[in-house]
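Thanks, everyone. Let me put the model on the screen, and then we can walk through the inside of it.

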Amino acid sequence: MSSIKIFISCNSKSYVPHHPLLIPIQTGAALTDERFPGMLYDNTGINISDKNDSYCELTAQYWAWHNVDADYFGFMHNRRYLSFSDRRLPEDKKGRVCMDIIDDSALTTLGYDPEHMRRIIEAYDIITVDMLDLRKEIPFPASPNVYNQYKNAYQHNISDLDLALQILTEKYPDYQSAVKEYMASDKAYFYNIFIMSRPYFQDYCAWLFEILEEFERRTDLINCPVYEKRKTAFIAERLFGIYLTHLKKSSSPRIRHCQHSFFASLDTPYPMPIQAGSKTV
């Protein structure tokens, strides 16, 4: 049986259901004395937990890359879970399946029966969120594409994206066509949410963190507003799309796109969810 570990990144106290495939992890643990009970912590082993203000949920990804062995690595957020439902669920205009709370009903709707999830995960190399149609997001008169979305987004500085793309093409010149294609696309990936088989995960992390570490060396993460400090994670969202674009041009990965949920509340539901399982790594 394949080892499947899906990490739920939590930067605040959050309810994560007992489920054999879900593992809650507190991100930014190095920056606080508070410990969320029942979770793993991203400041053990080889880690970048102290960079959570900039890397956000990526500190969990980095931690798992260096400290965990599995056949499939997954990353979701305390408010955002992938849907494994066999049917298309109603969405809001941002492409989210909006739900009140993480309870039995929500998990059933999202297809969180462990064996059902396992069958889907093992059938693909990469599972990630549906691409968002930017034609619904970009205000006129800007052209609806990934580059302009970043340029016009709240508290984003386009010079950061330009720098990241410069670093990417310096280190990986064979990615130039994927950069142009994805930056001009009117559909985009967001949230740094995915599940990957081990070979793809290892390759992606080595590629991603090499670029981000150089980006960090060349940018100012101190003299900028708190929200803008998250720029490293924002850049990673765009790099993910470039990585998949290049991957699809250079090989034939089995990729599945899924809807994702957004939970309004992170409180513990009642009654407790079924399917209790181990959270050990």
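**Core, pocket, cavity, cysteines**

Start at Ile242. Leaving out residues up to four places away in sequence, Ile242 touches Leu165, Leu168, Tyr175, Ala178, Val179, Tyr182 and Met183. Contact here means heavy atoms within 4.5 Å.

Two words on sourcing. This is a predicted model, where local features need pLDDT of at least 70 and side-chain atom pairs count only at pLDDT 80 or more, while totals for chains, interfaces and linings use all residues. Residues are numbered from 1 along each chain as its sequence is written, and side-chain values use heavy atoms, with hydrogens and water left out.

Now the core. The largest nonpolar core has 92 residues. By nonpolar core I mean a set of buried Ala, Val, Leu, Ile, Met, Phe, Trp, Tyr and Cys residues joined through side-chain atoms within 4.5 Å. Buried is under 20% relative accessible area, exposed is over 50%, and partly exposed is in between, with a 1.4 Å probe and protein chains only. Which members touch the most other members? They are Ile6, Leu82, Tyr112, Trp207, Phe209 and Ile242. Helix α8, residues 198–218, gives the most to this core, with ten residues. Elements are DSSP runs numbered from the N terminus: helices are H or I with at least four residues, strands are E with at least two.

Next, helix α4, residues 114–122. Pro114, His116, Met117, Arg118, Ile120 and Ile121 are buried there. What do the buried residues of α4 pack against? The partners are β1 (4–10), β4, β6 (126–129), β9 (194–197) and β10 (255–258).

On to Gln149, in helix α5, residues 146–152. Buried or exposed? Gln149 counts as buried because its relative accessibility is 16%. Beyond four places in sequence, Gln149 touches Leu134, Ile138, Phe190 and Arg238.

Now the open space. The largest pocket has a volume of about 1000 Å³. On a 1 Å grid over the protein atoms alone, a pocket is an open set with protein on both sides within 12 Å along at least five of seven lines; a cavity is a set of points where a 1.4 Å probe fits but cannot get out; lining residues have an atom within 4 Å of a point. Points are joined across faces, edges and corners, and a volume is the space filled by probe spheres set on them. The pocket has 36 lining residues, with Arg80, Tyr191, Arg230, Phe234 and Glu237 nearest its centre. Helix α9 supplies the largest share of that lining, four residues. By class, the pocket lining holds 15 nonpolar, eleven polar and ten charged residues. Ala, Val, Leu, Ile, Met, Phe, Trp, Tyr, Cys and Pro count as nonpolar, Asp, Glu, Lys and Arg as charged, and the others, Gly among them, as polar.

The largest cavity holds about 40 Å³. Ser9, Glu57, Leu58, Gln61, Phe75, Met76, His77 and Asn192 line this cavity. Strand β4 gives the largest share, three residues.

Last, cysteines. Cys205 is buried, with a relative accessible area of 0%.
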